[in-house]
Amino acid sequence: MLFRSPGNIKLANSPLFVGEVRPSYSDVFRTFRTPTHGFRAIAEILLTYQKRDGIKTIGEAINRYAPPSDNNPTEIYSLNVARECGVEVTDTIDFKRYLLPMLRAISRQELGEDYYSDDTISHAIDMALELS
């Protein structure tokens with residue numbers, strides 16, 4: 001069911017995202033009706049990190065999204081996302097401007113390759129930005 005969770009967002013006792021399926025098909029990760037809903041959730045998370053929590057860099061965002069405490073290769077993960085965005089891990093950026101490459105890189109890191117088109121990801125971004 002990895003195709004319904006392009007960012008492998010962990011299950012948590014928090015409100016459901018739009019398009020989230022419960023019960024999840026996974027014991028660990030949230031499941032979404034469509035990949036677009038999954039990408040929308042990733043975008044919402046990243047935008048919340050920046051707006052509510054003051055996270056300003058890819059390094060800070062990935063450290064929170066995929067922490068080393070969960071056995072993630074957080075440093076390499078951050079480098080891969082930053083490279084996709086054409087910035088440094090420590091650069092202060094506006095996440096809204098970089099959502100497409102950030103989501104593409106996060107999905108690639110989580111799933112091992114690019115399964116989704118930029119159109120799918122862009123549609124999800126548009127949905128997420130309607131809320132912000």
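1. Aromatic pairs. Rings of Phe, Tyr and Trp (its six-membered ring) are taken to pair if their centres lie within 6.5 Å; planes under 30 degrees apart count as stacked, those over 60 as edge-to-face, and the rest as tilted. By this rule the structure has three aromatic pairs. In one of them, the rings of Phe 17 and Phe 32 have centres 6.3 Å apart and planes at 55 degrees, so the pair is tilted. Phe 17 lies in the segment before β1 (20-21) and Phe 32 in strand β2 (residues 31-32), so the pair ties together parts that are 15 residues apart in sequence. Both Phe 17 and Phe 32 are buried; here buried means under 20% relative accessible area, exposed over 50%, and partly exposed in between (1.4 Å probe, protein chains only). Phe 39, Tyr 115 and Tyr 116 form one aromatic cluster.

2. Basis of the note. The model is predicted: local features need pLDDT of at least 70, side-chain atom pairs count only at pLDDT 80 or more, and totals for chains, interfaces and linings use all residues. Residues are numbered from 1 along each chain as its sequence is written, and side-chain values use heavy atoms, with hydrogens and water left out. Helices (H or I, at least four residues) and strands (E, at least two) are DSSP runs, numbered from the N terminus.

3. The cavity. Rolling a probe the size of a water molecule over the atoms shows where empty space is left. On a 1 Å grid over the protein atoms alone, a cavity is a set of points where a 1.4 Å probe fits but cannot get out, whereas a pocket is an open set with protein on both sides within 12 Å along at least five of seven lines; lining residues have an atom within 4 Å of a point. Grid points are joined across faces, edges and corners, and a volume is the space filled by probe spheres set on the points. A search of the whole structure finds one cavity of 30 Å³ or more. The largest cavity holds about 40 Å³ of space. Its lining consists of Phe 39, Arg 104, Ser 107, Arg 108, Glu 113, Asp 114, Tyr 115, Tyr 116 and Ile 121. Helix α4 gives the most to the lining of the largest cavity, with three residues. By class, this lining has four nonpolar, one polar and four charged residues, where Ala, Val, Leu, Ile, Met, Phe, Trp, Tyr, Cys and Pro count as nonpolar, Asp, Glu, Lys and Arg as charged, and the others, Gly among them, as polar.

4. The largest pocket. The volume of the largest pocket is about 650 Å³. Of the 27 residues that line the largest pocket, Ile 9, Lys 10, Ile 45, Tyr 49 and Tyr 65 lie nearest its centre. The elements giving two or more residues to this lining are α1 (35-51), α2 (58-65) and α4 (95-111), and α1 gives the most, with four. The lining comprises 14 nonpolar, six polar and seven charged residues.

5. The nonpolar core. A nonpolar core is a set of buried Ala, Val, Leu, Ile, Met, Phe, Trp, Tyr and Cys residues joined through side-chain atoms within 4.5 Å. The largest such core has 37 residues, of which Leu 46, Ile 58, Tyr 65, Val 81, Met 102 and Leu 103 touch the most other members. At least two residues of this core come from each of α1, α2, α3 (74-85), α4 and α5. Leaving aside neighbours within four places in sequence, Val 81 is in contact (heavy atoms within 4.5 Å) with Ile 58, Ile 62, Met 102, Ala 105 and Ile 106.

6. Ser 78. This residue is found in helix α3. Ser 78 is buried, with a relative accessible area of 5%. Not counting residues up to four places away in sequence, Ser 78 touches Ile 58, Gly 59, Ile 62 and Val 89.

7. Backbone points. Most residues other than glycine have a negative phi, and most peptide bonds are trans. A cis peptide bond, with omega about 0 degrees, joins Arg 22 and Pro 23; Pro 23 lies in the loop between β1 and β2. Asn 8 has a positive phi of about 45 degrees and is found in the segment before β1. Asn 71, in the loop between α2 and α3, has a phi near 65 degrees. Asn 8 is buried at 17% relative accessible area, whereas Asn 71 is exposed at 75%.
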